[in-house]
Amino acid sequence: MNYLNGGPWRLVAEHTEVESGKRNARPELQKALAACRRHKAKLCIAKLDRLSRNLAFIATLMDSGVEFVATDNPHANKLTIHILAAVAEHEREAISERTKAALAAAKARGKKLGGPRLAAARRASIKARSEAADAFAANVRPIASGVSSLRGVARALTARGVPTARGGSWSDVIVAAVLRR
């Protein structure tokens, strides 16, 4: 954002990508590129190595017809960008190799690798969600008593400002599902 301050340009949109730069499937980047094409704008990225650590991906982006600038190196030309992208790709591969070697060494020392027992954690999570749904249904039942139809219950819950469990709108289908618990 600081990169934009002080010039005759305007910010068209902001997109925050949460996918790894290692992946090519980047929905927010695709939205940003579409916005740049639509507005004939330049894509500003914070750091080239956060955009991607894949030389082919950067080369494809450079050929996409959308101009971009990495604000950590705003004066970089195409050659510099190619070199920096190649270095970033090499570093990604080196990190991967170091990580694999460290994990293999830890395993050789007898260190148990992996997270907690995932099946038990999933069961606990399912149980907790089920208990929360049961509690939610118990709170809805008193409002539903005395109302003759599921649609009537939905209208009553909406009128009282009671949100659904997921914050959506009440319908007869949702009321039926809640009352079945």
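In α3, Leu55, Ala56, Ile58, Ala59 and Met62 meet Lys78, Ile81, His82, Ala85, Ala86 and Glu89 of α4, where contact means heavy atoms within 4.5 Å. By class, this contact of α3 with α4 has eight nonpolar, one polar and two charged residues. The model is predicted: local features need pLDDT of at least 70 and side-chain atom pairs pLDDT 80 or more, while totals for chains, interfaces and linings use all residues. Residues are numbered from 1 along each chain as its sequence is written, and side-chain values use heavy atoms, with hydrogens and water left out.

**Packing of α3 and α4**
- The axes of helix α3 (residues 55–62) and helix α4 (residues 78–108) come within 8 Å and cross at roughly 155°.
- α3 is therefore roughly antiparallel to α4, a term for angles over 145 degrees.

**Packing of α6 and α7**
- Helix α6 (residues 150–159) packs with α7 at an angle of about 95°, their axes being 8 Å apart.
- The two helices, α6 and α7, are therefore roughly perpendicular to each other, the word used for 65 to 115 degrees.
- Leu150, Arg151, Val153, Ala154 and Leu157 of α6 make the contact with Asp172, Val175, Ala176 and Leu179 of α7.
- This contact of α6 with α7 has seven nonpolar, no polar and two charged residues.

**Second largest pocket**
- The lining of the second largest pocket has 14 residues, and Ala133, Phe136, Ala165, Arg166 and Val178 lie nearest its centre.
- Two or more lining residues come from each of α5 (118–144) and α7 (172–180).
- Eight nonpolar, three polar and three charged residues form the lining of this pocket.
- A pocket is an open set of points on a 1 Å grid over the protein atoms alone where a 1.4 Å probe fits, with protein on both sides within 12 Å along at least five of seven lines; lining residues have an atom within 4 Å of a point.

Definitions and conventions
Helix = DSSP H or I, 4+ residues; strand = E, 2+ residues; numbered from the N terminus. Nonpolar A, V, L, I, M, F, W, Y, C, P; charged D, E, K, R; others polar. Axes fitted to C-alpha atoms, helices over the stretch in contact; angles between N-to-C directions. Parallel < 35°, antiparallel > 145°, perpendicular 65-115°, else oblique.
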